[in-house]
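Subject: Structure handover

Hello,

Here is the structure for you to look over. My notes follow below it.

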Amino acid sequence: LWHSVTIKNTKLVKIILSSKTVDVNMADSEGMTPLLLAFQISHLEILDLIARDYRTDLNLKDRKNRSIL
């Protein structure tokens, strides 16, 4: 999921989110999640896809205490 967000590949994000085993909240060493990354790079379509996934925790923050809310 991380890579598909980084390269801004909406189609790949959709495919990965359809997997039952993907961890949509997986954070890197800085606490950045795929949702926060999509927000940071201002990719609204990917942001919307990840935010609407029932597994996404919208309240997660990175190590700098930033969130999408």
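Start with S4, which sits in helix α1. Helices here are DSSP runs of H or I with at least four residues, strands are runs of E with at least two, and both are numbered from the N terminus. The model is predicted, so local features need pLDDT of at least 70 and side-chain atom pairs count only at pLDDT 80 or more, while totals for chains, interfaces and linings use all residues. Residues are numbered from 1 along each chain as its sequence is written, and side-chain values use heavy atoms, with hydrogens and water left out.

S4 is buried, at 1% relative accessible area. (Buried is under 20%, exposed is over 50%, and partly exposed is in between, with a 1.4 Å probe and protein chains only.) Its side chain reaches the backbone oxygen of L1 at 2.8 Å. That is a polar contact: a pair of N or O atoms within 3.5 Å, where within protein one must be able to donate a hydrogen and the other to accept it, and residues adjacent in sequence count only if both atoms are side-chain atoms. Setting aside residues up to four places away in sequence, S4 touches N9, L12, V13, I16 and I46. Contact here means heavy atoms within 4.5 Å.

N9 lies in the loop between α1 (2-6) and α2. N9 is partly exposed, with a relative accessible area of 29%. What does N9 do at the N-terminal end of α2? It caps that end, with a side-chain oxygen 3.3 Å from the backbone nitrogen of K11. Beyond four places in sequence, N9 touches S4 and I46. N9 and I46 are 37 residues apart in sequence, yet their C-alpha atoms are 8.2 Å apart in space.

**α2 against α4**

Two packed helices are described by the angle between their axes and the distance between the axes. For α2 (residues 10-17) and α4, the angle is about 5° and the axes are 10 Å apart. The axes are lines fitted to C-alpha atoms, for helices over the stretch in contact, and angles run from 0 to 180 degrees between N-to-C directions. The two helices, α2 and α4, are therefore roughly parallel to each other. The cut-offs: under 35 degrees is roughly parallel, over 145 roughly antiparallel, 65 to 115 roughly perpendicular, and the rest oblique.

From α2, T10, V13, K14 and L17 meet E45, I46, L49 and I50 of α4. By class, this contact of α2 with α4 has 5 nonpolar, 1 polar and 2 charged residues. (Nonpolar covers Ala, Val, Leu, Ile, Met, Phe, Trp, Tyr, Cys and Pro; charged covers Asp, Glu, Lys and Arg; the others, Gly among them, are polar.)

**Buried faces**

In α2, the buried residues are T10, V13, I16 and L17. They cover an arc of only 120° around the axis, which puts them on the same side of α2. The arc is that of the directions from the helix axis to the C-beta atoms. K11 and I15 are exposed on the other side of α2. The cover over the buried residues of α2 includes α1 and α4.

In α4, I46, L47 and I50 are buried. Seen down the axis of α4, its buried residues fall within an arc of 100°, so they line one face of the helix. L44 and R52 are exposed on the other side of α4. The cover over the buried residues of α4 includes α1, α2 and α3.

**Positive phi**

Most residues other than glycine have a negative phi. K8 is not a glycine, but has a positive phi of about 60°. K8 lies in the loop between α1 and α2 and is partly exposed at 45% relative accessibility. S42, also not a glycine, has a positive phi of about 60°. S42 is in the loop between α3 (34-40) and α4. At 55% relative accessibility, S42 counts as exposed.

**After α4**

R55 is in the segment after α4. Is R55 buried or exposed? At 17% relative accessibility, R55 counts as buried. Outside four places in sequence, R55 touches L17, S19, K20, T21, V22, V24 and N25.

I68 is also in the segment after α4 (44-52). At 22% relative accessibility, I68 counts as partly exposed. Leaving aside neighbours within four places in sequence, I68 contacts L35, L36, F39 and L58. I68 and L58 are 10 residues apart in sequence and 7.2 Å apart in space, C-alpha to C-alpha.

Best wishes
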